[in-house]
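Hello,

Here is the structure I promised to pass on. Please have a look at it first, and then read my notes below.

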Amino acid sequence: MKGRRSARAPLIWVALALAIGVPIALAAGSEQLAWRGPVYILAGFAGIIALGLVLVQPLLIGGYLPGLSAYRGRRAHHWIGGALALAMVIHVAGLWITSPPDMIDALTYTSPTPFSPFGVTAMWAIFTVALLALLRRRLGLRLRTWRIVHLPLAVVIVAGSVAHCLLIEGTMETISKAALCAAVLAATVKVLVDLWRRRTLRGESA
């Protein structure tokens with residue numbers, strides 16, 4: 001049993017690296033990059049990396065990544081959440097620099113593009129979680145209260161990010177993009193189901 005687990009551990013990490021790395025690599029080879037400026041390209045790849053980080057977050061909090069203790073998983077979840085917020089700042093700032101009118105339309109929910117409102121909603125949810133995480137102690141939020149607030153916001157982040165990504169026809173290759181989005185959804189559903197089961201068992205044992 002231990003042998004199977006030890007053999008499966010590197011496969012999980014390789015699968016995660018491929019799920020995130022392949023879409024980035026294929027996007028880097030897109031012909032559309034020839035028509036884009038460096039700031040726009042930086043903004044675009046910040047968005048792709050952000051989606052990859054969204055995949056990592058539920059895997060960490062669910063304890064699905066081998067070799068990480070529960071404590072290290074929570075710490076990594078915290079720091080990657082900060083990296084996710086930073087990636088989102090770079091993504092939005094880059095798009096603002098390249099096209100301020102489009103970003104104003106997006107931020108005010110008046111953009112004609114169907115993917116825009118999903119991305120903006122996910123962005124605000126990411127910033128809200130990051131801000132609450134920073135101010136959690138000052139606000140005196142208990143763990144239970146934090147989870148009640150954080151969980152629905154995490155669902156908004158995942159749903160908004162996936163919808164935003166799937167609706168955009170850009171530098172990302174279609175199949176790898178769909179696979180990454182499917183992995184994000186699957187990981188999120190998995191952790192939500194497992195959390196519900198754990199709470200149910202605790203309720204029964206009580």
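This is a predicted model: local features need pLDDT of at least 70, side-chain atom pairs count only at pLDDT 80 or more; totals for chains, interfaces and linings use all residues.

Among the elements, helix α2 (residues 38-61) has the highest mean pLDDT, at 96, while helix α1 (residues 2-28) has the lowest, at 86.

**Overall picture**

The protein has seven helices and zero strands, so the pattern along the sequence reads α-α-α-α-α-α-α. The radius of gyration is 18 Å, which agrees with the value near 17 Å that a compact globule of 206 residues would have. Taken along the principal axes, the C-alpha atoms fill a box of roughly 60 × 45 × 25 Å.

Of the 206 residues, 32% count as buried. The protein exposes about 12800 Å², and carbon and sulfur atoms supply 69% of that area. Among contacts between residues at least 6 apart in sequence, 69% join residues at least 24 apart.

In soluble globular proteins, nonpolar side chains tend to be buried together. Here, the largest nonpolar core holds 41 residues, and Leu16, Leu55 and Val184 touch the most other members. The elements giving two or more residues to this core are α1, α2, α3 (70-98), α4 (100-107), α5 (116-139), α6 (143-167) and α7 (174-205). Helix α2 supplies the largest share, 11 residues.

Setting aside its neighbours within four places in sequence, Val184 is in contact with Leu51, Val54, Leu55, Val158 and Val162.

Helix α2 has 24 residues and reaches 35 Å from its first C-alpha to its last, close to the 34 Å expected at 1.5 Å a residue. After α2 comes Gly63, whose phi is positive, near 75 degrees. Within α2 lies Gly47, which is partly exposed with a relative accessible area of 21%. The C-alpha atoms of Gly47 and Met88 are separated by 6.6 Å, although the two are 41 residues apart along the chain.

Met88 is one of the buried residues of α3, which also include Gly73, His77, Leu84, Ala85 and Leu95. The buried residues of this helix pack against α2, α4, α5 and α6. As for its length, the 29 residues of α3 should span 42 Å at 1.5 Å a residue, and the end C-alpha atoms are 42 Å apart, which agrees.

- His77, in helix α3, counts as buried at 16% relative accessibility. Leaving aside neighbours within four places in sequence, His77 is in contact with Gln57, Leu60, Ile61 and His150.
- Val89, also found in α3, counts as partly exposed at 43% relative accessibility. Val89 and Val39 are 50 residues apart in sequence and 13 Å apart in space, C-alpha to C-alpha.

**A loop residue**

Where does Tyr109 lie? Tyr109 is in the loop between α4 and α5. This tyrosine has a positive phi of about 60 degrees although it is not a glycine, and it is partly exposed, with a relative accessible area of 44%.

Definitions and conventions: Residues are numbered from 1 along each chain as its sequence is written. Side-chain values use heavy atoms; hydrogens and water are left out. pLDDT is the predictor's confidence in each residue, from 0 to 100. Helices (H or I, at least four residues) and strands (E, at least two) are DSSP runs, numbered from the N terminus. A nonpolar core is a set of buried Ala, Val, Leu, Ile, Met, Phe, Trp, Tyr and Cys residues joined through side-chain atoms within 4.5 Å. Buried means under 20% relative accessible area, exposed over 50%, partly exposed in between (1.4 Å probe, protein chains only). Contact means heavy atoms within 4.5 Å. The radius of gyration is taken over C-alpha atoms; the globule rule is 2.2 Å times the number of residues to the power 0.38. Accessible areas come from the Shrake-Rupley method with a 1.4 Å probe; for residues, only the protein chains shown count as cover. The expected span of a helix is 1.5 Å times one less than its number of residues.
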